Amino acid sequence: MNKAVVVRDLTKKFGTFTAVNKLNFEVDKGEVFGFLGANGAGKTTAIKILCGLSKPSSGQVTVAGFDAYKQSELIKKNIGYMSQRFSLYDDLTIAENIRFYGGIYGLKRVEIQSKIKEYVKKLNLEEFEGRKVIDLPLGIKQKLAFSVANVHNPAIIFLDEPTSGVDPITRRQFWDMIYLEAAHGKTIFVTTHYMDEAEYCDRITIMVDGKIEALDSPSKLKKEFNTQNISEIFLKLSRKQNTSQN
Amino acid sequence: MKTAIEIENLAHNYGLVKALKPLNMSIESGTLFGFIGPDGAGKTTLFRILTSLLLPTQGKAKVLGLDVVNDFRKLRPLLGYMPGRFSLYQDLTVEENLNFFAKLFKTSIEENYHLIKDIYDQIAPFKNRLAGKLSGGMKQKLALSCALIHKPDLLFLDEPTTGVDVVSRAEFWEMLRKLKNHGITIVVSTPYMDEAALCDKVALIQKGKILQTDSPQNIMENFSKPLFSVKSINRNSLSKDIETFGKTDSFYWFGDSIHWIGSDDKDADLLRIYLQQKKHEDLEIEKINASIEDCFMDLMKGNHE
């Protein structure tokens with residue numbers, strides 16, 4: 001299986017409102033795939049379906065080889081999820097968080113112990129061991145959250161605005177971590193409001209009003225839309241939407 | 001120029017955590033002033049002190065000539081405050097929320113409608129909807145309307161654009177520009193470095209410390225190190241190859257190029273030759289002006305404990 005995600009004509013309706021309208025895309029194994037769009041464009045609805053938390057109204061969706069209609073529990077077991085807003089428990093220590101998530105994903109006791117050792121060493125957390133997550137510097141919390149989302153070695157990691165509010169140096173260190181995992185064959189599905197980060201993705205999609213309006217590598221999209229950067233593409237697409245509405 | 005905010009030796013600790021280190025600064029009336037910095041920089045703590053919602057551990061602050069501790073009763077009616085977290089009544093409608101805030105400040109929606117017209121018109125079609133059922137962008141517009149309805153002299157906006165898409169962010173800053181023209185002093189915080197350019201003056205803040213205060217133009221112009229943008233078709237090997245080049249002060253990815261800082265301009269010529277030897281085709285190396293993000297990263301390096 002070389003495709004991590006396959007989406008064909010995915011549609012999701014809430015009553016008469018079509019939140020997601022006939023999406024079509026595939027994500028390769030080991031790809032860093034950026035999922036962009038304005039607030040309210042339907043990103044969250046689509047991501048919920050891809051994570052097995054919501055069922056499509058119509059269309060086909062396969063994530064990590066599992067079907068979104070019949071195998072959503074298997075999808076959940078085979079993906080990792082991290083967002084800036086919620087990932088770790090602030091009032092648990094580093095080890096407790098790893099133990100908690102490891103336990104949820106059914107890791108054995110010895111596996112969890114070795115994960116704790118591995119992460120403490122890899123992220124230089126020795127001095128923070130035993131501290132509650134709330135007392136950790138934001139950058140460290142961020143890297144730990146990413147590692148914890150990876151604790152059960154899922155095929156795909158979904159990152160929902162993982163760097164929101166993070167300082168520019170830590171933001172770049174975080175992307176180094178993303179690249180390292182992708183180089184090991186992990187598929188990364190990421191949303192962001194930082195347009196420079198869109199450039200770090202292998203390919204990006206831009207959703208407008210429930211539809212995919214752009215899908216390609218950042219450099220090809222800039223050529224196609226004849227722009228210097230990704231935010232200009234964003235502006236062009238939203239203007240197009242406004243004129244079509246009027 | 002009149003002074004809107006005067007801060008003297010102001011600091012705040014939460015237990016052992018020094019959220020705000022001793023700070024001295026002033027903000028002129030009528031400016032659009034931005035505090036630019038990541039989470040945990042101390043922006044919200046500072047805003048809560050300046051709006052009289054938090055007592056400082058030490059130091060003094062005067063806002064509109066009034067002491068934030070002793071004169072808080074006189075001060076509060078003059079301020080508008082939009083906190084980072086949506087803090088309106090979710091179980092009241094759009095119109096009820098606005099009415100509530102107007103009455104609280106002993107005014108009416110009609111009296112200052114001209115101030116909020118541009119913003120409120122966009123949500124007026126939903127005025128009977130519960131605030132909790134609004135989309136993120138509409139919540140933001142309602143919160144701004146509620147913070148403005150009593151025609152404050154000074155408006156504090158704590159991270160109004162965090163988590164908002166680029167297009168809506170641009171629209172929001174457009175609204176702020178217009179408000180400034182009504183003579184309201186606006187103090188805004190943001191973690192997005194690119195928004196600094198939209199302010200008259202900014203303070204770059206990190207780990208409770210102000211790194212620099214100036215107009216964004218001056219901050220960018222005062223960046224004195226030679227900064228170059230480096231592009232190559234071979235993206236993946238570019239950073240690895242620059243890493244092995246000796247004469248580098250620092251380098252980092254910046255969108256589709258690497259920003260490289262050397263000790264002088266001649267080093268860039270050496271870098272070009274070095275990368276050509278490494279078979280980088282279509283190599284583009286050009287000297288560029290620093291953005292606020294470049295300046296921030298450079299200043300950050302001096303602020304590690």
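A residue counts as buried when its relative accessible area is under 20%. In this predicted model, Arg169(B) has a relative accessible area of 5%, so Arg169(B) is buried. Its partner is Asp194(B): the two side chains meet in a salt bridge, 3.1 Å from N to O. This pair links distant parts of chain B. Arg169(B) sits in helix H6, while Asp194(B) sits in the loop between strand S8 (185-190) and strand S9 (201-206). They are 25 residues apart. The cut-off for exposed is over 50%. Asp194(B), at 52% relative accessibility, therefore counts as exposed.

Stay with helix H6 of chain B. Two packed helices are described by the angle between their axes and the distance between the axes. Helix H5 (residues 136-148) of chain B packs with helix H6 (residues 166-181) of chain B at an angle of about 15°, and their axes are 12 Å apart. Angles under 35 degrees count as roughly parallel, and so H5(B) is roughly parallel to H6(B). The crossing of H5(B) with H6(B) is right-handed. Which residues make the contact? H5(B) brings Gln140(B), Lys141(B), Leu144(B) and Leu148(B). H6(B) brings Glu171(B), Phe172(B), Met175(B) and Leu179(B). Sorted by class, this contact of H5(B) with H6(B) has 5 nonpolar, 1 polar and 2 charged residues. An α-helix has 3.6 residues a turn, so residues three or four places apart point the same way.

Now to the salt bridges. Over all chains, the count comes to 27. One of them joins Glu31(A) to Arg203(A), with the closest N and O atoms 2.6 Å apart. Glu31(A) lies in the loop between strand S2 (17-28) and strand S3 (32-37) of chain A. Arg203(A) lies in strand S9 (residues 203-208) of chain A. The pair therefore ties together parts that are 172 residues apart in sequence. Is Glu31(A) buried or exposed? Glu31(A) is buried, at 7% relative accessibility.

Chain B has a further pair to look at. Asp298(B) and Lys225(B) meet through their side chains in a salt bridge of 3.0 Å, N to O. Asp298(B) belongs to helix H10 (residues 292-301) of chain B. Lys225(B) belongs to the loop between helix H7 (216-221) and strand S11 (227-231) of chain B. This pair ties together parts that are 73 residues apart in sequence. Asp298(B) is partly exposed, with a relative accessible area of 21%. Lys225(B) is also partly exposed, with a relative accessible area of 31%. Elsewhere, salt bridges form a network. Its members are Arg171(A), Arg172(A), Asp196(A) and Glu197(A) from chain A, and Glu293(B) from chain B.

In helix H1 (residues 43-50) of chain A, 6 of the 8 residues are buried, so the helix is largely enclosed by the rest of the structure. The buried residues of H1(A) are Lys43(A), Thr45(A), Ala46(A), Ile47(A), Ile49(A) and Leu50(A). Just after H1(A), Gly52(A) takes a positive phi of about 80°.

Helix H2 (residues 72-77) of chain A holds Lys77(A). Lys77(A) has a relative accessible area of 58%, so Lys77(A) is exposed. What does Lys77(A) contact, leaving aside its neighbours within four places in sequence? The contacts are Tyr105(A) and His152(A). Lys77(A) and Phe25(A) are 52 residues apart in sequence, and their C-alpha atoms are 22 Å apart in space.

How values were computed:
Residues are numbered from 1 along each chain as its sequence is written. Chains are lettered from A and ligands numbered from 1 in the order in which they are written. This is a predicted model: local features need pLDDT of at least 70, side-chain atom pairs count only at pLDDT 80 or more; totals for chains, interfaces and linings use all residues. Side-chain values use heavy atoms; hydrogens and water are left out. Axes are lines fitted to C-alpha atoms, for helices over the stretch in contact, and angles run from 0 to 180 degrees between N-to-C directions. Helices (H or I, at least four residues) and strands (E, at least two) are DSSP runs, numbered from the N terminus. Angles under 35 degrees count as roughly parallel, over 145 as roughly antiparallel, 65 to 115 as roughly perpendicular and the rest as oblique. A crossing is left-handed if the near helix is turned anticlockwise from the far one by less than a right angle, and right-handed if clockwise. Contact means heavy atoms within 4.5 Å. Ala, Val, Leu, Ile, Met, Phe, Trp, Tyr, Cys and Pro count as nonpolar, Asp, Glu, Lys and Arg as charged, and the others, Gly among them, as polar. A salt bridge is a side-chain nitrogen of Lys or Arg within 4 Å of a carboxyl oxygen of Asp or Glu. Buried means under 20% relative accessible area, exposed over 50%, partly exposed in between (1.4 Å probe, protein chains only).
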